Amino acid sequence: MMTDLYDKIIEAQKYLSEEFKDKPETGVILGTGLGGLVDRMEVIQSIPYRKIPHFPVSTVKSHKGALILGRLSGKCILVMSGRFHYYEGYSSQEITFPVRVMKALGIKQMIISNASGGINPNYTNGQIVLLKDHINLIPDHPLRGKNDDRLGVRFPDMKEAYDLGLRKVALSSAEEMNYSLEEGVYVGFQGPTLETPAEYVYLHNIGGDMVGMSTVPEVIVAKHCEMPVLVLSLVSNVCYPPERIKETSLEDVIKVVGDASPKFCDLVEKIIGRI
Ligand code: HPA
């Protein structure tokens with residue numbers, strides 16, 4: 001089965017290497033409502049996921065489904081416009097296939113983004129938070145099964161899953177923008193329901209600052225294949241303490257994220273220019 005995964009990665013990588021007219025250095029995964037970054041890019045090519053061998057297809061309508069090759073801040077980047085989630089029915093291994101392909105394409109680092117619920121009482125809606133660590137509560141681990149040593153080691157160390165060098169670049173970029181960028185711990189929860197008030201309290205108590213339904217499997221696989229990652233989360237709904245919880249729909253999340261998106265794009269543009 002794992003030999004199979006390796007072969008699939010190589011097939012996807014070969015297809016994309018032949019298609020691409022430039023060589024991307026940084027990979028970007030865009031979270032809910034953050035597609036605005038693509039409008040700032042000089043797009044070279046957009047390749048629908050369905051054309052790429054073995055790529056899953058996004059089933060969430062707020063997520064597009066294309067790999068976009070282009071230039072931003074003078075750098076060649078590869079953007080995943082639309083990602084995959086465990087709640088869609090994919091395994092964590094399937095969700096993280098694109099990260100493996102990015103590695104095989106020679107991409108040097110990744111910037112991952114998401115929308116999240118804020119379980120740090122000091123956070124406000126629309127705030128951007130830099131991830132320094134995570135707690136994985138998604139029931140399926142992306143590395144479960146026989147390990148293929150060509151892809152990474154059996155027991156990856158997770159002391160520094162969020163690359164310190166990239167975090168420093170993010171912090172100094174934010175400082176230049178006079179933006180106070182907090183660092184926090186993200187909890188990966190399976191979804192698709194948002195959390196109950198009791199669950200938000202629990203997630204706060206175990207040390208979480210944000211909760212969301214993505215990112216953690218991607219970060220684990222990035223660590224497995226030794227790809228440095230930077231993650232920025234946009235807090236779309238504050239939910240701690242419980243008095244702050246409001247009923248929240250996807251439209252509410254998209255509205256808060258959309259309003260904060262210019263600031264997020266400014267920050268990402270600056271970071272890309274410096275890495
Ligand atoms: N919980 C989980 N995922 C989320 C939330 C939330 O409150 N907000 C945005 N994504």
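Predicted model: local features only at pLDDT ≥ 70, side-chain atom pairs only at ≥ 80, totals over all residues.

Residues are numbered from 1 along each chain as its sequence is written, and side-chain values use heavy atoms, with hydrogens and water left out.

**Where the ligand sits**
- The ligand takes up the space of the largest pocket (a molecule sits in a pocket if more than half of its atoms lie within 2 Å of its grid points).
- A pocket here is an open set of points on a 1 Å grid over the protein atoms alone, where a 1.4 Å probe fits, with protein on both sides within 12 Å along at least five of seven lines; its lining residues have an atom within 4 Å of a point.

**The largest pocket**
- Its volume is about 470 Å³, counted as the space filled by probe spheres set on the points.
- Of the 27 residues lining this pocket, T32, Y87, L194, M213 and L250 lie nearest its centre.
- Strand 5 (109–118), strand 8 (210–212), strand 9 (229–238) and helix 8 (250–274) each give two or more residues to this lining; helices (H or I, at least four residues) and strands (E, at least two) are DSSP runs, numbered from the N terminus.
- Strand 5 gives the most to the lining of the largest pocket, with 4 residues.

**Around the ligand**
- Residues with a heavy atom within 4 Å count as near the ligand, and among those surrounding the ligand are A115, S116, Y200, V211 and S236.
- Strand 5 also gives the most to this shell, with 3 residues.
- The protein buries 93% of the 260 Å² that the ligand exposes when taken alone, by the Shrake-Rupley method with a 1.4 Å probe.

**The second largest pocket**
- This pocket holds about 190 Å³ of space.
- It is lined by 10 residues, with L5, K8, H54, Q93 and E94 closest to its centre.
- Helix 1 (2–19) and helix 3 (92–95) each supply at least two residues of this lining, and helix 1 gives the most, with 3 residues.
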